[in-house]
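Reader: Hi! I'm new to reading protein models, so please walk me through this one.

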Amino acid sequence: MLKAKILFVGPCESGKTVLANFLTESSDITEYNPTQGVRILEFENPHVTSNSKGTGCEFELWDCGGDSKFESCWPALMKDAYGVVIVFNADIPSHLKEIEMWYSCFVQQQFLQDAQCLLIAHHKPGSGGDTGSLALSPPLNKLKLVHSNLEEDPEEIRMEFIKYLKSVINSVSESRDREEMSIIT
């Protein structure tokens with residue numbers, strides 16, 4: 001069974017933990033408590049398989065603290081990651097600038113493909129959740145961007161996350177197939 005590590009990164013107070021709990025069907029957290037370092041949530045998703053035979057996948061979702069004081073831990077967090085989800089609060093203007101740094105550190109420097117990255121503009125309860133287009137600078141404007149609002153349409157973010165997991169698994173499977181073929185030939 002394939003085990004895939006997915007990182008949830010982004011600025012402080014963007015909603016990473018709330019989303020991680022929702023998407024992995026873990027416990028609900030009602031009050032804000034900053035993640036210290038990292039929380040690892042293990043889960044399986046019956047809608048995501050690693051090959052045509054329907055072999056299942058296990059996932060580790062690494063909910064990473066957004067405080068820069070944990071920057072010295074980032075290389076360890078990034079090791080063996082198959083995908084990166086950058087979560088930000090679209091209602092906080094500074095987050096749009098900060099996600100460029102998260103993309104550079106966690107996606108570009110790890111040589112991950114854009115298909116292995118997902119941007120989530122998380123709208124907190126009561127924020128109104130304007131899902132209009134965001135002015136993202138290159139190369140962020142080439143990434144898949146999803147708006148999440150757990151109050152108004154929680155199932156949409158779940159469906160988009162499943163699509164993302166499938167895309168990551170496909171890329172990993174293709175990469176493994178190429179590697180195996182290079183060994184055989």
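This is a predicted model: local features need pLDDT of at least 70, side-chain atom pairs count only at pLDDT 80 or more; totals for chains, interfaces and linings use all residues.

Author: Happy to! Residues are numbered from 1 along each chain, and side-chain values use heavy atoms, without hydrogens or water.

Reader: Got it. How many helices and strands are there in the protein?

Author: There are four helices and six strands (DSSP runs numbered from the N terminus: H or I of at least four residues for helices, E of at least two for strands). Going along the sequence, they come in the pattern β-α-β-β-α-β-α-β-β-α.

Reader: And what share of the residues is buried?

Author: Of the 185 residues in the protein, 46% are buried.

Reader: What follows H1?

Author: Glutamate 25 does, and its phi is positive, near 55°.

Reader: New topic! Where is phenylalanine 59 found?

Author: Phenylalanine 59 sits in strand E3, residues 56–64. It counts as buried because its relative accessibility is 1%.

Reader: What else is phenylalanine 59 in contact with?

Author: If we leave out neighbours within four places in sequence, its contacts (heavy atoms within 4.5 Å) include Ile6, Leu41, Phe43, Val48, Leu165 and Ile169. Links along the chain show up across the protein as well: among contacts between residues at least 6 apart in sequence, 75% join residues at least 24 apart.

Reader: Is histidine 95 buried or exposed?

Author: Buried, because its relative accessibility is 3%. Histidine 95 lies in helix H3, residues 93–108. Not counting residues up to four places away in sequence, histidine 95 touches Pro11, Cys12, Glu13, Ser14, Phe88 and Asn89.

Reader: Okay, charges now. How many salt bridges are there?

Author: The count comes to 10, where a salt bridge is a side-chain nitrogen of Lys or Arg within 4 Å of a carboxyl oxygen of Asp or Glu. One of them joins lysine 3 and glutamate 42, at 3.6 Å from N to O. That pair links distant parts of the chain, with lysine 3 in strand E1 (residues 2–9) and glutamate 42 in strand E2 (residues 38–49), 39 residues apart.

Reader: How exposed is lysine 3?

Author: Partly exposed, as its relative accessible area is 36%. Glutamate 42 is exposed, at 58%. Lysine 3 also forms a salt bridge with glutamate 60, with the closest N and O atoms 3.7 Å apart. Lysine 3 is in strand E1 and glutamate 60 in strand E3, so this pair ties together parts 57 residues apart in sequence. Glutamate 60 is buried, with a relative accessible area of 17%.

Reader: Which residues are linked in a network of salt bridges?

Author: Lys3, Glu42, Glu58 and Glu60.

Reader: And what does arginine 39 form a salt bridge with?

Author: Aspartate 63, with the closest N and O atoms 3.0 Å apart. Here arginine 39 in strand E2 is linked to aspartate 63 in strand E3, 24 residues apart. Arginine 39 is partly exposed at 25% relative accessibility, whereas aspartate 63 is buried at 0% relative accessible area.

Key:
Buried means under 20% relative accessible area, exposed over 50%, partly exposed in between (1.4 Å probe, protein chains only).
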